[in-house]
Amino acid sequence: MNGVAVEVEHQRPSLLGSDLRRFWNLALTLAVTDFKLRFYGSVLGYVWTLARPFMFFGVIYFVFTEIVGLDKDVPNYGVYILFALVLFQFFSEATGNCVNALVSRENLLRKMRFPRLVIPLAVVLTALFNLGMTLVAVFAFALAAGVTPTWGWLELPVIVALLTFFATGLGLLLSALFVRYRDVQPIWDVATQILFYASPILYVSTMVPESYQRAYLANPVAALLTEMRHAVVDPGARPVWDAIGGGERLLVPGGIVVVVFVLGLWVFRREAPRIAENL
Amino acid sequence: MSVTVPQEAAERSARLARTAPAVTVEALSKTFLLPHRQYSTLKERALHPFASRTFDTLHAVDDATFAIHQGEFFGIVGRNGSGKSTLLKCLAGIYEADAGHTAVRGRLSPFIELGVGFNPDLTARDNVIINAIMLGLSRRQARERFDEIIAFAELEEFLDLKLKNYSSGMTVRLAFSVAVQVDADVLLVDEVLAVGDAAFQQKCFDQFHRLKGEGKTIVFVTHDMSAVERFCDRALLLERGRIMAIDAPHAIARAYNELNFGRVAPAEAQDRFGDHEAAEIKAAWFEDAAGERTTSHPQGEPLRLCMEVAFHAPVQDPLLLLHLRNEVRHTIFATSTDLHDAATGRFEPGEGATLRVELENWLVPGRYDLTATVARAGSGADVLDLREDLASLMVHGTRQSGAVVEIPHTLELQRS
């Protein structure tokens, strides 16, 4: 022994762990591993990441332009649906995979001192990697479809960051609750479906009657997608603060995001010390 | 054949006792609530709002207080369900204790089992890096030590094989090799050495010796008493969540064996021969050297075989015989009064006799049954009373030579 006095540490199951670098290393490692494993054994690999949104997009585009005719007066309607679909897919993947994340990582949680927060965070990171991969192709499509790059495109990272923040808050809440209540899974499946139609994905938010606009845009996902349309696809579309009727009204969706995150963190933190034994 | 603590080991434990404790545990308790019915959906919860309020409490760890010195190899032993793993999980910070306090000086290894987080669909190469990071190395450190890890595991040819194609022994080798690379001052180890071939086990033991030499503290949970005696400086015996003893390894190993084998049921449906009218065997039993009756006896310690006879009719020079059988029904020891040329004399009705045979205990660990016979003078064929397997004894110990008995011997190796 070298006789160096080492600080006495108290050992408790923890949220973050005592070492932030280890925390980050763990989250990144888990996320990268999951990402690698996703296409393990598939020949086409990356192509499948793209196939789902693009094929879904193809069907929707055909139905809503050729049959329903929603594309009237909507410049770059196709590009908009594609962006909206990809962003929503990220959101539903991140939250949906968080639900059973703790339960499926049971062996880690029970056999190792492991900062609990790493697990939902790694799930969100994996979804973020996927989004990044998909966005490359989506931007290529946008350029090919004749959308001109603008400075507004720089707003997209902010939109993605806010969406990630919202998804993380929900993910924390869902994963911690799922350990106790297994019905979180079907409830969230339905909620995701509802959210899909309650957000401007198949249509654009300006089609929503003016009287519903404010209530409609209280949904953080709807607000973010509306802003995405203005920033990325069609600078002529109304920005979200205009659509909602004044910047101060943005406090509603913003507040929901913050409240959900704080609530999620609070519940997760409360459950964290006993997660291992309740699994 | 008594067990002595070598002088060196005694000095070592005295030296360890003077160093600061690496792990201190004070009044640690962990209780699990076991609901009589588990409701895990909202509907069930709503329908039975009060139903789950009744539960059993399980005191997995109950008021445990102990300290482990720096540089000590500390064993935690106990039977299944005695709370060993819960105690280890509380130490590791996986479970939160309900009461009490633990403190660890220095870095604590974060895992209690080997190969945690191994993914069968990834190659050994990926798994090693991932596992090393999980155990607390940085990505760069993991890459730097990669070759060393693989060389230690002797798996160079199988680097790009998916882990699911590994044999369980290979997986454990890989896991152990990563685990010993972790920079921790206190290592927690839960039952690891069960797998792996003999050569690799030896390698593991060598590693433990190295770690011990470097002054690392190792907390080792196991069922294997010979490993406890081989490695541990001290050990702790846990039973139903309570600490029964903290002592030198051989004392703990003995106490553990007594716990396990203390309640040996005598063989059932004993066969009895003879009419037991003239003479009757009242009892047979085992005694230790102090004359205490025992059913569980340490290997190597002197032992007495005893029987008690009562006479109901006059008998001239009866023979008293004892047979000791092992588990596979081989008679490994037998004696009788006539082998010792002892004419037993005349017994009148109402008289009795007790025979005691003291022997040097050459018995190997295992179960033994004692058969007692009383017969008329002669060849012993004219049996008055014969009771098979009247008493049972468990001999416990950790030296397993594989032989039927362990004959005391000296061993000398002369170089030529």
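**Exercise 1. Contact between the domains of chain B**

Task: In this predicted model, determine how many residues of domain 1 of chain B are in contact with domain 2 of chain B, and what classes they belong to.

Solution. 
1. Count the contacting residues on each side: four residues of domain 1 of chain B are in contact with four residues of domain 2 of chain B.
2. Sort the domain 1 side by class: one residue is nonpolar, one is polar and two are charged.
3. The domain assignment of chain B puts domain 1 at 7–261 and domain 2 at 272–396.

**Exercise 2. Chain B as a whole**

Task: State which secondary structure elements chain B has, and what share of its residues is buried.

Solution. 
1. Chain B contains 20 strands and nine helices.
2. Of the 416 residues in chain B, 38% are buried.
3. Take the contacts in chain B with a separation of 6 or more: 74% of them are between residues 24 or more positions apart.

**Exercise 3. The five-stranded sheet**

Task: Give the strand order of the open sheet in chain B, and explain why one side of β5 and of β8 of chain B is left without a neighbour in the sheet.

Solution. 
1. The order is β5-β6-β3-β7-β8 (chain B), with mixed pairing.
2. β5 (186–190) and β8 (242–247) of chain B are at the edges; each has a single partner strand, so one side of each has no neighbour in the sheet.
3. From one strand to the next, the twist averages 20°.

**Exercise 4. Strand β7 of chain B and its partners**

Task: Work out in which sense β7(B) pairs with β3 and with β8(B), and whether β7(B) is mostly covered or uncovered.

Solution. 
1. Start with β3 (residues 73–78) of chain B, which runs parallel to β7 (residues 234–239) of chain B and is joined to it by five bridges.
2. Locate individual pairs. B:Phe74 has B:Arg234 in β7(B) as its bridge partner, and B:Ile76 stands opposite B:Leu236 in β7(B).
3. Turn to β8(B): β7(B) and β8(B) are antiparallel, again over five bridges. B:Ala235 has its bridge partner in β8(B), namely B:Asp247.
4. Look at the turn. The hairpin of β7(B) and β8(B) has two residues between the strands, and B:Arg240 takes a positive phi near 50° in this hairpin.
5. Check burial: five of the six residues of β7(B) are buried, and the strand is mostly covered.

**Exercise 5. B:Asp121**

Task: Locate B:Asp121 and explain why it is classed as partly exposed.

Solution. 
1. B:Asp121 lies in the loop between β4 (99–105) and α4 (124–134) of chain B.
2. Around B:Asp121 there are 14 other C-beta atoms within 10 Å. A residue is exposed at 12 or fewer and buried at 20 or more, so a count in between is partly exposed. B:Asp121 is therefore partly exposed.
3. Compare positions: from B:Asp121 to B:Glu258 there are 137 residues in sequence and 45 Å in space, C-alpha to C-alpha.

**Exercise 6. Confidence in chain A**

Task: Identify where confidence is lowest and where it is highest in chain A.

Solution. 
1. Chain A has an average pLDDT of 86, and 92% of the residues score at least 70.
2. The lowest confidence is in strand β1 (residues 8–10) of chain A, with a mean of 48; the highest is in helix α8 (residues 184–197) of chain A, at 95.
3. Over residues 1–9 of chain A, pLDDT stays under 50, and the model has nine contacts beyond four places in sequence for this stretch.

Key
Residues numbered from 1 in each chain as written. Chains lettered and ligands numbered in written order. Predicted model: local features only at pLDDT ≥ 70, side-chain atom pairs only at ≥ 80, totals over all residues. Helix = DSSP H or I, 4+ residues; strand = E, 2+ residues; numbered from the N terminus. Contact = placed C-beta atoms within 7 Å. Domains from an automatic or database assignment. Nonpolar A, V, L, I, M, F, W, Y, C, P; charged D, E, K, R; others polar. Pairing = 2+ DSSP bridges. Axes fitted to C-alpha atoms, helices over the stretch in contact; angles between N-to-C directions. pLDDT = per-residue confidence, 0-100.
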